[in-house]
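Colleague: I would like to go through this model with you, term by term. I will ask what stands behind each label.

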Amino acid sequence: TDTGLSCPSARLTYCTPSISGDVRNGVSVENVPTQSTQWFVLRVSYGRILKAKEFVKAKGLECYVPLRYKEVRKQGKKRIITEPLLPSFLFVHATYSQVEALCRNNNASVGRTLLSFYYDHTSYREDAPDKNPPLTISDSAMDNFIRLTSIKNPHIIPVTSENIMYKFGDEVVVTEGEFIGIHGRVARIAGQQRVVVELFDGCLVATAYVPKEATRKNNTQVVIATKLNMIR
């Protein structure tokens, strides 16, 4: 249970380098809760992500569950099915007080906690120095993440820092094809060159394969030029 108490070692994965200034700066941790609408990261109890989504939407609040488009074969026919990409997380766009009410009241009828805050263990609250603040995501970083995870490509996968070998230190942007406009970093995963988006420590998603010949250096920024028929 993530209580928000100071615990620097409580992470989902090892720390990874920041992807870019824009994306890293997109992660905003508020020391003092405000009444402005923000994207909050909430933990979901095991196997209950869809129930949590229904619970939040029933309260009239906006939420997002990233899905994975998985290719399967049934009776010799290829099909694309969907399943939660990050089954432990739900993203809710609301005020702090609204999310606090969700977390406080969500176990009344289900017998055990459905939702809880995900805290940033690298920061501290100004009003409570022994506690960590809830983690929030900026609109720009969340928009980049939603755009990537909304693409119906079965080769978009969740990854961890342990199976990533970053190839460049520069930010990259996809300029053509189905991943156009996605910002991230070039990495080699299982022998393939991909673009990785890190929303926060422990939440990393990789695009499909991007061929080596589709990259070029543009001043201080690497620009990935990909065509739809090159990403399979």
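**Rings, strands and cores**

Modeller: The structure holds 9 aromatic pairs. Rings of Phe, Tyr and Trp (its six-membered ring) pair if their centres lie within 6.5 Å; planes under 30 degrees apart count as stacked, over 60 as edge-to-face and the rest as tilted.

Colleague: Why is the pair of phenylalanine 89 and tyrosine 118 called edge-to-face?

Modeller: The ring centres of phenylalanine 89 and tyrosine 118 are 5.5 Å apart and the planes stand at 85°, so the pair is edge-to-face. Phenylalanine 89 sits in strand S6 and tyrosine 118 in the loop between S7 and S8, so the pair ties together parts 29 residues apart in sequence. Helices (H or I, at least four residues) and strands (E, at least two) are DSSP runs, numbered from the N terminus.

Colleague: Phenylalanine 89 and tyrosine 118: buried or exposed, and how do you know?

Modeller: Buried means under 20% relative accessible area, exposed over 50%, partly exposed in between (1.4 Å probe, protein chains only). Phenylalanine 89 has 4%, so it is buried. Tyrosine 118 has 5%, so it is buried too.

Colleague: What makes phenylalanine 89 and phenylalanine 200 a pair, and of which kind?

Modeller: Their centres lie 5.3 Å apart and their planes are at 85°, so this pair is edge-to-face. Phenylalanine 200 belongs to strand S12 (residues 192–200) and phenylalanine 89 to S6, so the pair ties together parts that are 111 residues apart in sequence. One aromatic cluster is formed by Phe40, Tyr96, Phe117 and Tyr119.

Colleague: Why is strand S2 called largely enclosed?

Modeller: Of its 7 residues (38–44), 6 are buried, so the rest of the structure largely encloses S2.

Colleague: Which strands does S2 pair with, and how do you know?

Modeller: Two strands pair if DSSP finds at least two bridges between them. S2 has 6 bridges to S6 (residues 89–94), antiparallel. It has 3 to S7 (residues 115–117), also antiparallel. S2 and S8 (residues 135–137) run antiparallel with 2 bridges. Phenylalanine 40 has valine 92 as its bridge partner in S6 and threonine 136 in S8.

Colleague: What makes a set of residues a nonpolar core?

Modeller: Such a core is a set of buried Ala, Val, Leu, Ile, Met, Phe, Trp, Tyr and Cys residues joined through side-chain atoms within 4.5 Å. The largest has 29 residues; Phe91, Ile137, Phe145, Leu199 and Phe200 touch the most other members. Apart from it lies another core of 21 residues, including Phe55, Cys63, Val92 and Leu114.

Colleague: How many disulfides are there?

Modeller: The rule asks for a pair of cysteine sulfur atoms within 2.5 Å. By that rule the count is 0. Cysteine 63 is at 15% relative accessibility, so it counts as buried. Cysteine 203 is at 0%, so it is buried as well.

Colleague: How do you know where to read with care?

Modeller: This is a predicted model, in which local features need pLDDT of at least 70, side-chain atom pairs count only at pLDDT 80 or more, and totals for chains, interfaces and linings use all residues. Residues are numbered from 1 along each chain as its sequence is written, and side-chain values use heavy atoms, with hydrogens and water left out. The pLDDT is the predictor's confidence in each residue, from 0 to 100. Its mean over the chain is 75, and 69% of the residues reach 70 or more. Over residues 1–32 the pLDDT is below 50. Where pLDDT is low, predicted coordinates should not be read in detail.

Conventions. Contact = heavy atoms within 4.5 Å.
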